Amino acid sequence: MGQEPARAKGGHNRIHGLINLAIQNFVMDSYGPQMWQAVAHAARLPDAEIEAMLRYDLTLTEAVLGAACTALNQTPDALLEDLGTYLVSHPNTEVLRRLLRFGGVNFLEFLHSLDELPGRAQLAVEDLDMPQLELVDLGHGEFRLNVRSPIAGFAPVMMGVLRAMADDYGALVLIAPVGRHGDGADIAITLLDSSFAAGRGFALAAGGAGGGG
Amino acid sequence: MSDDIFALLSVFCPMHVAVGAQGQITYCGASVEKLFAPTRLVGQQFDAAFHLIRPRGSQGLAGLRAAQGGGLQLELRQPRRTRLRGVAVAFGPGVVVNLGFGLSILDAVRDYTLSAADFARTDIAIELLYLVEAKSAAMAASRRLNLRLQGARLAAEEAAITDSLTGLANRRAMERVLERLVQARAPFAVMQVDLDHFKPVNDGLGHAAGDALLAHVVQVLGQETRQDDLAARVGGDEFVLLFAGIAERARLSQIAERIQRRFAQPFYWGDVACKISASIGITIAGGDARPAPVLLAEADAALYAAKHAGRAQHAFHLAPPAQ
């Protein structure tokens, strides 16, 4: 899904419905149901509704992303980064934001919890396709996140997620793509100030009286 | 030495409570302190702050020391009465009790606005809370899938029990309702309605006329039955009506005659007046649990008798003598 279209390697040719559903909801919530109808039609989806708990052919995901890029006049990288931002910052994806906030009490802890993120996600949905994530601490607030997956396109999504999570924690962060190699991609993260702004609240209790949300 | 230990405990066990020789609390972790805030815990008697539920009947320092190493169940002596679990180890002349939330953790994080910093670094409480939320989100997605599948199944079933031409129930749906009525052992009546002149209309004026006539019949049957009754098309020109709660011959005769009067009026296809009439056979089920096929056979036999008596007649199945 990056510059090159999403491509399966090593027989990995099915993808979890939750990922397709994320794309559907992103297009619907950001650009309206008509836009989704147009994308679904252009991608020749058999059903207008993606089913979250079924697995789909990866070609369907590629077709949807391709159609969305054409309809929205965006590059795949830009679209996927917007998708990552949407997953954290849109009110309809509050559940996901909360789950990510369980990673740490501040952005630094969150960064260090990223190695565990695939494991956490698979605790909830065991067959969810997740990239391998590895954080390298280069010192002086410089980090490098290696994103590795047989399914391309996770790296730009992670860029969007990181930017939105930095906002969520109130951290001031620079995030830039570094390069790709094989089935991996590196993201450079520079943490300038971990408490730059107030950030959004988070209480452990869901919808609790603790003022989080 | 003991200061070192409490420094260690405050990191390892933020929910520990140290009890001195007089049963008073001498030291406690920050998280357990938070449960009583703003009241200070240190200096209070252990029994004044905690109610020891298990082991039953044990109390005070002696009780805690006697239960050393075993499982404790406690309750906070404050309005929320939060349940805790714990374990005690004798320490000098006193005891150290380590506490945990157990299953009350979901309520506790809400009631005391606990954060990740309130749990020991190695505590899997945060993972548990994460899992509870993640699982309920995944369950919600599964439930939506199930609901949609169920909706699709009901739509398919609805299609399968509805006669596609008339929208009336079909034989399968009628048999299902009839079975329910038999099971319920409530009084009801089965009425079989047969159109006397349907075939000539269909053959002579074409299928379009036949379909229009059917629509007319459906309208009449709909108007002459109540919401809770069932009208089903069980054959080309055969209909079965089920009347729940009606078992009086007089009333059923009225209904049959009303239907026959409606059909006695000619039905117009363009300028052509089509004369139709209906023969009706009726049987009454009085809660004696005659099985459905028997009731249908009775209604059919009554219909045969009605036809035998002439057009536009209705007849009752003669109930066998009571046993």
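Which residues touch the most other members of the largest nonpolar core? The views below are of a predicted model, in which local features need pLDDT of at least 70, side-chain atom pairs count only at pLDDT 80 or more, and totals for chains, interfaces and linings use all residues. Residues are numbered from 1 along each chain as its sequence is written, chains are lettered from A in the order in which they are written, and side-chain values use heavy atoms, without hydrogens and water.

**View 1. The largest nonpolar core.** In this core of 105 residues, F107(A), L145(A), L162(A), I189(A) and F50(B) touch the most other members; a nonpolar core is a set of buried Ala, Val, Leu, Ile, Met, Phe, Trp, Tyr and Cys residues joined through side-chain atoms within 4.5 Å, where buried means under 20% relative accessible area (1.4 Å probe, protein chains only). Domain 1 (2–123) and domain 2 (124–161) of chain B both contribute residues, so the core lies between them, the domain bounds coming from an automatic or database domain assignment.

**View 2. The surroundings of R101(A).** R101(A), placed in helix α5 (residues 94–101) of chain A, counts as buried at 9% relative accessibility. Its side chain is joined to that of D168(A) by a polar contact of 2.6 Å (a pair of N or O atoms within 3.5 Å, one able to donate a hydrogen and the other to accept it).

**View 3. The interface of chain A and chain B.** The two chains bury about 1,900 Å² between them, 67% of it on carbon and sulfur atoms. Across this interface there are 3 salt bridges (a side-chain nitrogen of Lys or Arg within 4 Å of a carboxyl oxygen of Asp or Glu); R121(B) forms a salt bridge with E109(A), with the closest N and O atoms 3.2 Å apart.

Definitions and conventions. Buried means under 20% relative accessible area, exposed over 50%, partly exposed in between (1.4 Å probe, protein chains only). Helices (H or I, at least four residues) and strands (E, at least two) are DSSP runs, numbered from the N terminus. Buried area is the accessible area (1.4 Å probe) that two parts lose on being put together, summed over both.
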